[in-house]
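Student: I have a model on screen and want to learn how to read it. Please take me through the features one at a time.

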Amino acid sequence: MLAVQNVTMRYGAKILFENVNTSFNPGNRYGLSGPNGSGKSTFMKILAGELEQQTGIVQRPRKLGILRQDQFAFDQFRVIDTVIMGNKALWKALEERDAIYAKEEMTDDDGMLLGELEGIVGDEDGYTAEADAAILLDGLDIPESLHERKMSELQGGQKVRVLLAQALFGHPQALLLDEPTNHLDLESIHWLKEFLCHYDGTVIVISHDRHFLNAVCTHIADIDFQTIIQYTGGYDDMVMAKTQTRSRIESDNEQREKKIAQLNEFIARFAAGTRSSQVNSRRKEVERLAPSELSRSNIQRPFIKFDQKRPSGKHLLEFEKVKKGYGGIEVIHGFSGTIMRGEKVAIMGRNGVGKSSLLNALLDGAPGVTEPYVKLDSGMVRWGHEAQVGYFAQDFRESIPSGWTMVDWLRQFDPDATIEQIRGVLGQMLFRGEEGTKKTEVLSGGEACRLMFCKLMLQKPNVLVLDEPTNHLDLEAVVALNMALQKYDGTLLLVTHDEDLIDEVATRIWHFDGQKITDFHGVYEEYLTKA
């Protein structure tokens, strides 16, 4: 059983949650929801025992699986060993056993201890540990050739998948997963989804992937109103229930206020007269009808709207025999095609196959793109009449220079915009008051991401090229982006692993499959039926 009683956490005057009482039962899978800054990661660390709660009690099972966020903590270890470390009792027994076997001579005490250690190794399935770890790694697309390598030799996305395998290893009684789909491609996300849906322990997951939460979760634990409220079902079920509850209370309050107004009118007319008993009765009725107090939600919804200064020509982009590589390896092998105005192309495939490289090749010479690293190796790319491109790079921090305030940096993208208009756009992306004077170099990843959307809204391009735009957004912002892209009248090139975005926005699919790119004209649902 994983449960908390009267748990409180605050930072200064800001209360994240107070006197929380809730339990997470075996066999259930809980999504921990709430906007950025609401305390999701803090609560997860409290559950994991990595952070001490200010008040209250936390009850934990014996074996917890935790997704570690520090990608460099295991750099000196083999990949396979890093996974096995997910079972602390087993790993400790293996280390002590190996130390005894390494001795030139064993004492009687060593022999006794060795017997105890072999018992632990047996109880914890240690004799099949490497094979079990390999199965997890293969499912997460870490090939066997990397299993004996040091963690320091892996790329960032590969490290995240190894740490995910570490959390899953040893069949823990509860899993705590903070953003497990970050840096995972769709195939790995599907594998993880299938794994979790058949997992018989307790799962608590933080994710900004709405599709993943809807597919995996049996419950949502929502951090809001300075507490945690559980809802049955996935994320969309929670939003509907939460909205209906609030609407019902607001409607009830409206009816109560009308009734109170009528009673107060009676009291005012007859308070000084002879109908004192009726007046007193109505005063008591007013007290009984006091509207239910509606706590203020901490959810803040950004408003994203992409306009065009002018539409592009009908034939937006033509390219022939495009080739592109990175690290000395060619990943785009002569891709050709055309894009017409208004098409919304989702670019899909496993990590490392070349999705970002394809964008970089197609953006070479694109009007409105100033990033120096976009370059075509060979082939032809021709942008059409009046095309104007707004680009959101995967490593978008490189697109934001240091030494500027947010307001001053944004002004260059629409010189005709007034300060008030720029502050209005910043407000749409939840930058309040004087936050616009904050320097660009001190922005968090989430703040820099929202600033890039401010830039795109001011540019008003007729082509949007977005490379993994949801990585630093909370769920509310992802939903806002989804709706904005559905309503956008321009052309879109989109790299994402968010299945809802692909399903609800894309009208065309480019799928990397080995050495070739499949170009499918149609929506994602049709693609899945014909793939």
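Tutor: Start with burial. Buried means under 20% relative accessible area, exposed means over 50%, and partly exposed lies in between, using a 1.4 Å probe and protein chains only. Helices are DSSP runs of H or I with at least four residues, strands are runs of E with at least two, and both are numbered from the N terminus. Now the case: in helix α13 (residues 419-428), I422, V425, L426 and G427 are buried.

Student: What should I know about the source of the model?

Tutor: This is a predicted model, in which local features need pLDDT of at least 70, side-chain atom pairs count only at pLDDT 80 or more, and totals for chains, interfaces and linings use all residues. Residues are numbered from 1 along each chain as its sequence is written, and side-chain values use heavy atoms, with hydrogens and water left out.

Student: What covers the buried residues of α13?

Tutor: The cover includes α12 (406-411) and α14 (445-459). Cover is judged by contact, which means heavy atoms within 4.5 Å. Look also just after α13: L430 takes a positive phi of about 70° there.

Student: How many residues of helix α1 are buried?

Tutor: In α1 (residues 40-48), 7 of the 9 residues are buried, so the helix is mostly covered. They are K40, T42, F43, M44, I46, L47 and A48. G49 follows α1 and has a positive phi, near 85°.

Student: And the chain as a whole?

Tutor: It has 17 helices and 18 strands. Of its 531 residues, 50% count as buried. The C-alpha atoms fill a box of roughly 105 × 80 × 50 Å along the principal axes. Take contacts between residues at least 6 apart in sequence: 67% of them join residues at least 24 apart.

Student: How do I read helix packing?

Tutor: Axes are lines fitted to C-alpha atoms, for helices over the stretch in contact, and angles run from 0 to 180 degrees between N-to-C directions. Under 35 degrees counts as roughly parallel, over 145 as roughly antiparallel, 65 to 115 as roughly perpendicular, and the rest as oblique. Here α6 (residues 156-168) and α7 (residues 186-197) pack at about 5°, with axes 13 Å apart. The two helices are therefore roughly parallel.

Student: Which residues of α6 and α7 meet?

Tutor: R161, L164 and L168 in α6 meet S188, W191, L192, F195 and L196 in α7. The contact divides into 6 nonpolar, 1 polar and 1 charged residue. The classes are: Ala, Val, Leu, Ile, Met, Phe, Trp, Tyr, Cys and Pro nonpolar; Asp, Glu, Lys and Arg charged; the others, Gly among them, polar.

Student: How do I read aromatic pairs?

Tutor: Rings of Phe, Tyr and Trp (its six-membered ring) pair if their centres lie within 6.5 Å; planes under 30 degrees apart are stacked, over 60 edge-to-face, and the rest tilted. The structure holds 15 such pairs. F319 and W510 have ring centres 5.7 Å apart and planes at 70°, so this pair is edge-to-face. The pair links distant parts of the chain: F319 is in strand β10 (residues 315-326), W510 is in strand β17 (residues 508-513), and 191 residues separate them. Both F319 and W510 are buried. F520 and Y527 also pair edge-to-face, with 5.5 Å between centres and 65° between planes. Both F520 and Y527 are buried.

Student: Which residues form one aromatic cluster?

Tutor: F306, F392, F396, F453 and Y488 do.

Student: Is K324 buried or exposed?

Tutor: K324 is buried, at 9% relative accessible area. Its place is in strand β10. Beyond neighbours within four places in sequence, K324 contacts E330, V331, I332, S357, N360, A361, K375 and D377.

Student: Where does P372 lie?

Tutor: P372 lies in the loop between α11 (355-362) and β13 (378-383). P372 is exposed, with a relative accessible area of 77%. From P372 to N360 is 12 residues in sequence and 9.9 Å in space, C-alpha to C-alpha.
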